Amino acid sequence: MESLSSLMAMPWLDYSISGLVIGSIYALMAVGLALIFGVANLINFAHGAVFTVGAYIGWTCLVGIGLPLGVTIVVVAAVSGAAGALIEWLAIRPLNRQSRIAPLLATIGVALVLDQIIHIVFSPTPRALSANIPDWRLQIGNGTIGAIDITIALTAILSAAALYAFLFRTKLGMAVRATAQDDDAAKQMGVNINAVNMTVFGIAGALGGIAGLLVGLYYNSIDPNASFQMMLKGMVAIVIGGMANVPGAIGGGLILGLIESWGIGLFGASYRNLFAFVVLLVMLLFRPNGIFSRGKERPAEPMTGTFVTQTKAVTLPKPLIWVLIGIAVILPMANMPYITQVMTNAYLYGLAALALTLVSGTVGLVSIGHAALVAIGAYASALLTTKGLPVSLGIVIGGAAAALLGTALAYPAFRLRGHYVAIGTLALGEIVSLVILNWEGVTNGALGVFAIPPLEIFGFPLYGTKASYWFVLALMLLMAGLQVRLLKSHLGRTWKAIREDTVAAETYGVASNYYKGLAFGFAGFTAGIAGAVTAHQWSFINYDSFNLLFSVLILTMAILGGLGNVSGAILGAILVAALPEMFRTLAEYRMLFYGAALIILIRFRPQGLLGSG
Amino acid sequence: MKPLLQLENVNSFYGPVQVHFDLSLTVPENAIVCLLGGNASGKSTTMKTILGLQVPKSGKVTMEGRDITGLPTPEIVRAGIATVPEARRLFGDMTVRENLLMGAYARSDKPGIDEDYEKVLGLFPRLKQRLGQKAGTMSGGEQQMVAMARALMARPRLICMDEPTMGLSPLFVDRVLELIATVRQTGVSVFMVEQNASMALSIADYGYVLQTGRIVLEGPAGDLLADPRIRSAYLGDTAA
């Protein structure tokens, strides 16, 4: 009873007020994402970067130049709106005729590029932002509401009202709504779809930028690393509200704000992001149309088979492969320890990319949470071997753990398709990382795992650079060989059939979930081994070693080589991991390099260097 | 009669597959012309070609003598061609009024739009009581009315209709035919793609028969109706 009364005594009204204030900012983010999803059928991963652009433009106006808040809001809206429109024009529009995954990946590239540019221009450390908003607080019942809360809520409400007026009182707004419902029909009424898309990206950018400014005002500081987190909050909000449903997005944002605020009150602030992703997964699994729609059916997404660009794969001639393997084997003889080390890392990435290319390319489940599988393998082996288990056994157990846990975690996502798989796997990746961070008793929390023993074979430690190089190379070639054999078998054909048309495959008696499970199992094993070996190579890992960026990096590698293509995955890993290392000057701008590479690749060679298999 | 829309020697492809072989046809001013054909004959591609949704490899589409081949769809709409798309494709979550206004999207003459709005409602009085209703909640027949009214709102010279009777009850098919005749009386030409040959020919002035991308037969509608080849192919007359 005592616990209940202490629960009752918590300042629920204060939690609710701050939840609604933060929620109104999430709503601003979500509205833009919903509009874009409506007209362009695209989840805009660059939306968070526009948010950060808004925050920094706001800082420049308020702190740098000393403009009043009202003017600042207008400037922020104008600049970030222009940024949004430019993203549509430069990165999205050229991909009109490509597969559905192409623009989604392009927005990830744009996000990386914009974030890095902000890091370069403004430095990667957060800075203070104050707007001289009066400090008074108003007492309401047993809670208080401050001038800042009112400022934020008012700005958000006015922005929403302006959007409503645009959508329902202007001709262009009507065209936006018509395009969201049926773009072909809108075109036949004389609507210029490109102009509509650009308008919508502009509006979304303006609202996202204002959200960036408001978050800065709320916390009195702006963080250049907040982009992805904020984009994800907006995405969770639109999943709650029903993807393209604009009023639903506002409701979703407010609900998410409340859930977070209450959850933090109950469990503490380190769980903040966990709530969002758990809500996301629950929504995807049980109410994929959002809580405001009656139907439980997930919306038809006719993208099976067309989601990923298919082309004829380039088959490397066998002699060439043997020559390349030969070169790889004798590479350490050149006695360039640095290059040997870089290539060892590249092969580890290669292992992870092999796993991803199987799941995303061969089976067609585009995963943005691949780091989770790698992290599970790494932590399993690291934790067991630091407690005395032999390393070689730890690596195998790491692979098995990733296979089992990964499949079990991904299993609920098997019924999702297209965009929803990408969102679901992304949430899974974040959840695994957050569980690692918060489960201190087992994972050591934020401190990570230290003094992980080095690689060894049957009790003989591999201390030398060369020895570990050969070990990793052998492992990668073994797994690649195995994967090639699998792809040529009955199993490989079944996987491809599921990718091309899941429904058709099922009508021929293919139990698609079983085969998706096999794919995740095999891929999980490969990725888990990659993680385990990486842990022993680095001797230190923590919750952030395998983050969202890591997932995006592996996906870039797989796409670069050609989704589904085994030799392509390895080639992609070597190019992406090794190139910036070889040119040290590039290392500082690594994210810029990755992002630009992703954008250019998708624009000019979406099927990857070697074609998708 | 002066030609309004003309297709001249159009050859269209989907990838390596040729859909149209030297397709030529003419829609004169103030006339109803129908294009008949079974599945996969290239009917829908003809529609797409006229609307600029599909660009032919060779050949020409002209409207009132002006070459409109390969123009973006909004330009073609401005050139005076409106559509009633296959399965109507209304904006289901928008009101009837908004659907009608979308039809006039390419225009900017406010007084003219208001005038046509009244005129169209006069033509379809039933829609008057439904202006605030969401188009997606109406019956199939009412939706067909909205689709035709929406096309008229563009103040077109020509309306292209893709299977206007598809999915309608037999009772309403007759009603749609009347509506098409009414549309023509306002001075607008109708180009209609249909599978239902007898129905289409009963109101058309002229007909073309398309078979695997080639025009195999053409003539005044009355002649075609009497033609034994048409009867055997489309009207189920096995005796011929």
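This is a predicted model: local features need pLDDT of at least 70, side-chain atom pairs count only at pLDDT 80 or more; totals for chains, interfaces and linings use all residues.

Trainee: Where does Tyr218(A) sit?

Mentor: You'll find Tyr218(A) in helix α9 of chain A, which covers residues 193–219.

Trainee: Is Tyr218(A) buried, exposed or partly exposed, and why?

Mentor: Count the C-beta atoms around it. Buried takes 20 or more others within 10 Å, and exposed means 12 or fewer. Tyr218(A) has 17, so it's partly exposed.

Trainee: Okay, on to chain B. Which domains does it have?

Mentor: The domain assignment gives domain 1 of chain B as 3–80 + 156–234, and domain 2 as 92–155. Over C-alpha atoms, the centres of those two domains of chain B lie 23 Å apart.

Trainee: How many residues of domain 1 of chain B are in contact with domain 2 of chain B?

Mentor: 14 residues of domain 1 meet 10 residues of domain 2 in chain B. On the domain 1 side, α7(B) gives the largest share, 6 residues. By class, that side has 10 nonpolar, 2 polar and 2 charged residues.

Trainee: And how many residues of chain B are in contact with chain A?

Mentor: There, 18 residues of chain B are in contact with 14 of chain A. On the chain B side, α2 and α3 (96–103) each give two or more residues.

Key: Residues are numbered from 1 along each chain as its sequence is written. Chains are lettered from A and ligands numbered from 1 in the order in which they are written. Domain bounds come from an automatic or database domain assignment. Two residues are in contact if their C-beta atoms, placed from the backbone, lie within 7 Å. Helices (H or I, at least four residues) and strands (E, at least two) are DSSP runs, numbered from the N terminus. Ala, Val, Leu, Ile, Met, Phe, Trp, Tyr, Cys and Pro count as nonpolar, Asp, Glu, Lys and Arg as charged, and the others, Gly among them, as polar.
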